[in-house]
Amino acid sequence: MSQSWKITIAGSQDAVEGALVAHEEALEWDPEIVLSGTCAPPGSDGDWLLEAFLPRRPRKGDKAAITALFAGETPDMTVEKLPDLDWVVESQKGLEPIRAGRFLVHTPDHDPPVEAGVHRFVIPAGQAFGTGHHQTTAGCLAMLSRMKRSGVLVRNCADIGTGTGVLAFAAMKLWPRAIVTASDIDPVSAAVTIENAELNSIPVGSRGGEMTVTIADGMTHPLIAARGPYDLVIANILAGPLIELAPAFSRALVPGGSLLLAGLMNSQERAVRAACRQAGFRIAARIVEGDWPVLWLRKRPAITLRERRAVPAEKW
């Protein structure tokens, strides 16, 4: 296994969140440098930590690129070589089962008792995002349960950036006759989703009650376009792509259709909601899991100019 290195910077929550936002907007960012922001343990110099993981010893240019994310400041950083381990797998070992809405997600290390009315998914530690333990994934599971409870009917669903497939699986459990499309830009995630579908007895195919998995960047893939329009689109990705894809989400949804968004931080919610409002969505509900909002939006139905003039502006 190739060697891994980590750069750590301690700072305030605002500073670390600002660096993560700047990272999303960096057009020439090296994809081999993976960032994460976490709460700092007691005794640290700051409230939060920015951690950068690299598959090589950090170069001068790598350090400069990370420093540039802090808006002109020159933060102190520590550099360390990590043991030769798969850190994604290691970080997920022994995770406790997570209960969110009508779902319980656990790793193979646990075998929680069966509960009536609760759908269980086993998601092994692996090389894709979405074990259910991150607050955005858990929040999406809770919001999907709320949609079902509110009477939302889904016949056709797309999960964009599916990760491990768990949100697509949840949609299939709540609306078992729906056609479900799960896509991800990462071929590893697509393969992991298919493996997890087999592990959880999720039917894979192209008919109602089955899930189709594809590798796609956003909404532009011909299969995603051909299988629309959708009653529900799920996107647990990042704020930048959510803003960019808002018009495409609107085009892909039926009038009154639901859009479930996550992956944005509290500081990014206003921009994401503004883009969605411009694209013809209204907010239906929101859940905040720590620093991570989860948004349920509905596409406004098309109305005539006469009808629009009859509705007070504040209603829109």
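How many salt bridges does a search of the whole structure find? The search finds nine. A salt bridge is counted where a side-chain nitrogen of Lys or Arg lies within 4 Å of a carboxyl oxygen of Asp or Glu. The model is predicted, so local features need pLDDT of at least 70 and side-chain atom pairs count only at pLDDT 80 or more, while totals for chains, interfaces and linings use all residues. Residues are numbered from 1 along each chain as its sequence is written, and side-chain values use heavy atoms, with hydrogens and water left out.

Side chains of opposite charge can pair when their charged atoms come close. Glu 51 pairs in this way with Lys 6, with 3.2 Å between the closest N and O atoms. The pair links distant parts of the chain. Glu 51 belongs to strand β3 (residues 48–54) and Lys 6 to strand β1 (residues 4–11), 45 residues apart. Strands (E, at least two residues) and helices (H or I, at least four) are DSSP runs, numbered from the N terminus. Glu 51 is buried, at 14% relative accessible area. Lys 6 is buried too, with a relative accessibility of 14%. Buried means under 20% relative accessible area, exposed means over 50%, and partly exposed lies in between (1.4 Å probe, protein chains only).

A second salt bridge joins Asp 62 and Arg 56, with the closest N and O atoms 2.9 Å apart. Asp 62 is buried at 7% relative accessible area, and Arg 56 is buried at 11%. Both residues belong to a network of salt bridges that links Asp 30, Glu 32, Arg 56 and Asp 62.

Helix α9 (residues 269–278) holds both Arg 273 and Glu 269. These residues are four apart, about one turn of the helix. They form a salt bridge, and the closest N and O atoms are 3.1 Å apart. Arg 273 is partly exposed at 27% relative accessibility, whereas Glu 269 is buried at 8%.

Attention now turns to the sheet. Strands of a sheet pair through backbone hydrogen bonds, either parallel or antiparallel. Two strands count as paired if DSSP finds at least two bridges between them. Three strands form an open sheet in the order β5-β6-β7, with mixed pairing. Strands β5 (98–100) and β7 are the edges, each pairing on one side only. From one strand to the next, the twist averages 20°. Axes are lines fitted to C-alpha atoms, for helices over the stretch in contact, and angles run from 0 to 180 degrees between N-to-C directions.

Strands β6 and β7 are parallel and share four bridges. Arg 120 is partly exposed, with a relative accessible area of 29%. His 106 is 14 residues from Arg 120 in sequence, and their C-alpha atoms are 7.7 Å apart.

The whole structure contains two aromatic pairs. Rings of Phe, Tyr and Trp (its six-membered ring) pair if their centres lie within 6.5 Å; planes under 30 degrees apart count as stacked, over 60 as edge-to-face and the rest as tilted. Phe 103 and Phe 121 are stacked, at 5.7 Å centre to centre and 15° between the planes. Phe 103 lies in β6 (residues 103–106) and Phe 121 in β7 (residues 119–122), so the pair ties together parts 18 residues apart in sequence. Phe 103 is buried at 0% relative accessible area, and Phe 121 is likewise buried at 0%. Ring pairs join Phe 103, Phe 121 and Phe 169 into a cluster.

Helix α5 (residues 166–174) lies across β6 and β7 and runs at about 155° to β7. Contact here means heavy atoms within 4.5 Å. With β8 and β9, α5 makes a right-handed β-α-β unit. A crossover is right-handed if, with the strands pointing away from the viewer, the path from the first strand over the helix to the second runs clockwise.

Strand β8 (residues 156–160) pairs with β9 in the parallel sense over five bridges. Asn 156 is opposite Ile 179 in β9. Strand β9 (residues 179–184) is mostly covered, with five of its six residues buried. Parallel pairing over five bridges also joins β9 to strand β10 (residues 211–215). Val 180 is opposite Met 211 in β10. Between β9 and β10 the chain passes through helix α6 (residues 187–199), and this β-α-β crossover is right-handed.
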